[in-house]
Amino acid sequence: MPSETVSRNQATIQQKCLQVANRRTELLQDFPQFATYRYVQDGTEKELAVQFKRREEMPQPTVQWAFKLAERNVGPQYRACSLGWQPKVKQKDLSKPWARYLLAVDRATGKPVGYTMFRFDLDYGRCVLYCYELQISAEYQGHGLGAFLMQALEQIARGLSLERLVLTVLKNNEGGMRFYRRIGYETDETSPDKQEDAPYEILSKSMLG
């Protein structure tokens, strides 16, 4: 049966693709343009180092900082919708063995100022990079760092031959929704339809071509 053979071959290719992605211990070495981010604030140049970290390479205090930042940034939106803020669930997600991070660190202070947490996954039959978190400290927002980190994720996804970059946004997070729409993300075919009245929307962007 040709169609079954094609499906099996495709599944094998996808499995190998994910295995390669998950084995990588360094994801930015092929994209040195994303290792540093610079911008000017009040006449002073800020320089941030962007580091790739697997979960086991993230110090526990940094994971806790990441949780607190997510709580400050999106906790109010979660509390205002039917999902509610579930700190134990969020902490558990940030500590999953599959978690991968791009961590932005201020070179002047050595302190983390933003991050994205993601994983490589098979999502509805598609090899994807799934972005779970994109969080920037308040004083570093509005300077293009979030868009820069998303560009880095897109380059990583394309470099690993993944099909799409997928993420979830709360519908009441109007700023986040505008941001992702502005950088080219559209409603994914797997997003709940209007009849389901879900408090979130799934967005994605093709990484092919």
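The face of α5 turned away from its buried side carries Glu174, Arg178 and Arg182, which are exposed (over 50% relative accessible area; buried is under 20%, partly exposed in between, with a 1.4 Å probe and protein chains only). This is a predicted model, in which local features need pLDDT of at least 70 and side-chain atom pairs count only at pLDDT 80 or more, while totals for chains, interfaces and linings use all residues. Residues are numbered from 1 along each chain as its sequence is written, and side-chain values use heavy atoms, with hydrogens and water left out.

Helix α5 spans residues 174-182, and its buried residues are Gly176, Met177, Phe179 and Tyr180. These four lie on the same side of α5, because they cover an arc of only 160° around the axis (taken from the directions from the helix axis to the C-beta atoms). Helices (H or I, at least four residues) and strands (E, at least two) are DSSP runs, numbered from the N terminus. The buried residues of α5 pack against α4, β5 (126-136), β6 (164-170) and β8 (200-206). After α5 comes Gly184, with a positive phi near 100°.

The largest nonpolar core has 42 residues, and Leu102, Phe120 and Met150 touch the most other members. Such a core is a set of buried Ala, Val, Leu, Ile, Met, Phe, Trp, Tyr and Cys residues joined through side-chain atoms within 4.5 Å. Helix α4 (residues 145-159) gives the most to this core, eight residues. Apart from it lies another core of 17 residues, including Val63 and Trp98. Leaving aside neighbours within four places in sequence, Leu102 is in contact with residues including Val50, Phe52, Leu149 and Ile156 (contact means heavy atoms within 4.5 Å).

Charged pairs come next. The structure holds 14 salt bridges, each a side-chain nitrogen of Lys or Arg within 4 Å of a carboxyl oxygen of Asp or Glu. Glu47 forms one with Arg38, the closest N and O atoms being 3.0 Å apart, and another with Arg107 (2.7 Å, N to O). The pair of Glu47, in strand β2 (residues 44-54), and Arg107, in the loop between β3 (100-106) and β4, links parts of the chain 60 residues apart.

Salt bridges that share partners join Asp123, Arg126, Arg164, Asp188 and Glu189 into one network.
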